[in-house]
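Open the model in a viewer and keep the selection panel at hand. The stops below go from strands to helices.

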Amino acid sequence: MAMKLQVISNLANMTTRELSSVEKWKSFLDTAAWHYKYSFEDQVLIYAQRPDARACADFETWGEKLSRRIKRGAKGIALVRERGSKFYLDHVFDVSDTYSRIPGNEIKLWGYDSRFDNAIKETLENAFGEPEENETISDAIFYAAKNKYLATIAGIDGQNSILKISPCKLPIL
């Protein structure tokens with residue numbers, strides 16, 4: 001078990017270093033966007049092991065809360081957990097690794113619908129100011145991210161910054 005923990009810890013640290021590449025960062029964000037409820041460290045490990053993953057949960061959540069089963073032979077995505085001063089591996093599975101015997105028990109993943117562009121742009125403008133160019137939803141998102149970043153580095157953003165990214169806090173064994 002210690003050997004697997006070492007391998008996963010090394011994978012997380014290597015992957016984090018690779019994220020300094022613009023292309024790798026964009027690819028990471030494509031995966032991380034689906035896993036917004038997971039920590040940065042977990043998102044890195046999900047990306048490193050299954051960049052195509054779209055909805056991850058542990059065995060119990062799939063079975064007990066979502067009435068789905070894990071497919072035979074599915075390989076879990078290892079995540080590092082800490083209990084007291086000890087580290088161990090826990091595993092989650094992507095929705096593509098599951099199935100249901102209950103008709104109609106399909107998992108509906110969230111999606112983007114352009115019908116809501118104006119409402120999204122208005123919300124972003126109220127929170128981050130009106131963009132210089134207000135042509136597309138991309139302009140509004142970019143401007144909001146830019147303003148958030150500038151406020152953060154200027155130190156006027158408070159403690160709840162979404163941009164305070166720290167290196168992986170996984171053990172180096």
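The tour begins with notes on the model and then moves through the selections.

This is a predicted model, in which local features need pLDDT of at least 70 and side-chain atom pairs count only at pLDDT 80 or more, while totals for chains, interfaces and linings use all residues. Residues are numbered from 1 along each chain as its sequence is written, and side-chain values use heavy atoms, with hydrogens and water left out.

Helices (H or I, at least four residues) and strands (E, at least two) are DSSP runs, numbered from the N terminus.

Select residues 77–83, strand β3, which pairs antiparallel with β4 over seven bridges; strands pair if DSSP finds at least two bridges between them. I77 has V92 of β4 as its bridge partner. Two residues separate β3 from β4 in a hairpin, and G84 in the turn has a positive phi of about 65°.

Next, select helices α2 (residues 22–32) and α3 (residues 40–49), whose axes lie 9 Å apart at an angle of about 105°. Axes are lines fitted to C-alpha atoms, for helices over the stretch in contact, and angles run from 0 to 180 degrees between N-to-C directions. The α2 and α3 pair is therefore roughly perpendicular (65 to 115 degrees; under 35 is roughly parallel, over 145 roughly antiparallel, and the rest oblique). Residues in contact (heavy atoms within 4.5 Å) include W25 and F28 of α2 and F40 and Y47 of α3.

Finish with α5 (residues 117–128) and α6 (residues 137–153), whose axes come within 10 Å and cross at roughly 20°. That makes α5 roughly parallel to α6. Among the residues making this contact are L124 and F128 of α5 and I141 and A144 of α6.
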